[in-house]
Amino acid sequence: MVSHSGLITVMQRAARKAAPRIRRDFGEVEQLQVSRKGPADFVSMADKRAEQTVMEELRHARPDWGFLMEEGGTIAGDPTKPRWIVDPIDGTSNFLHGIPHFAISIAVQEPKPGGGRGEVTQGLVYQPLTDESFWAEKGRGAWHNERRLRVSARRDLSDALIATGIPYKGHGDIARFEKILGAVAPEVAGIRRFGSAALDLAWVAAGRYDGFWEENLQEWDVAAGILLVREAGGFVTDFRGGDRMIERDEFLAANDQLHSKLHKLIAKAVRA
């Protein structure tokens, strides 16, 4: 049995408590109450119920911690304590269309000593349909259930399978995406768009994908996944190779051999 902190236990318990209702709702997806949240961006009652369940379980374990959540927004807690970052269903559009590819994402973000928010130290991406738990703790590695994760060892872009997200109505810059796609696609073995950034990053950590890039993501989409990739031996940066992913809203993840190659292709494309 892999040893991990009590926080990972709390996160897994919260995700697994929400999972049965998510699975039931997924099985009855056509009867869900769905409201519009924005252009081509939907939120379901299942999303809200899952977030409430996760929040209640996490709050029970750490009553003085705050939250940053996709549906519930920011809930203040003790500013000297960590906060939870929660996406109850990352891949909502997949969920609502009956596509079985989505996940619960939970992360722990530490406070900065002088105020504000610092680094993420624990992360979980949980697939409720397959009971796959991808989790990581800073300095203690990344894991898939009880198996240690490592990013892929591929060295050549021509062998690499890369994940991405495609801009859609009201979200993202299509022209900019096309420039990047035009630079990357001819150099790699394939590009996939599956619709869940949390799982994309977890799969990079697991070596299923060799790399990932996307823009226009929220902190709750990527907080756990970034930690997973880094603890599995990979790199995550913005498109300039820096550490301002959230600020620039640019995310590039890969192993040490492929990251610099992808970075050069993408950086050149966005400058063109």
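Me: Which residue just after α5 takes a positive phi?

Reply: Gly207 does, at about 80°. Helices (H or I, at least four residues) and strands (E, at least two) are DSSP runs, numbered from the N terminus. This is a predicted model, where local features need pLDDT of at least 70, side-chain atom pairs count only at pLDDT 80 or more, and totals for chains, interfaces and linings use all residues. Residues are numbered from 1 along each chain as its sequence is written, and side-chain values use heavy atoms, leaving out hydrogens and water.

Me: Is helix α5 buried or exposed?

Reply: Buried means under 20% relative accessible area, exposed over 50%, partly exposed in between (1.4 Å probe, protein chains only). Nine of the nine residues of α5 (197-205) are buried, so the rest of the structure largely encloses this helix. Among them are Leu199, Asp200 and Trp203.

Me: What order do the strands of the open sheet take?

Reply: Strands pair if DSSP finds at least two bridges between them. The eight strands run β4-β3-β5-β6-β7-β8-β9-β10, with mixed pairing. β4 (73-75) and β10 (147-148) are the edges; each has a single partner, so one side of each lacks a neighbour in the sheet. Seven bridges join β6 (103-111) to antiparallel β7 (117-127). There, Ala107 stands opposite Gly123.

Me: Which residues does Thr121 touch?

Reply: Contact means heavy atoms within 4.5 Å. Thr121 lies in β7. Its contacts include Val108, Ala136 and Leu227, leaving aside residues up to four places away in sequence. Thr121 is buried, at 10% relative accessible area.
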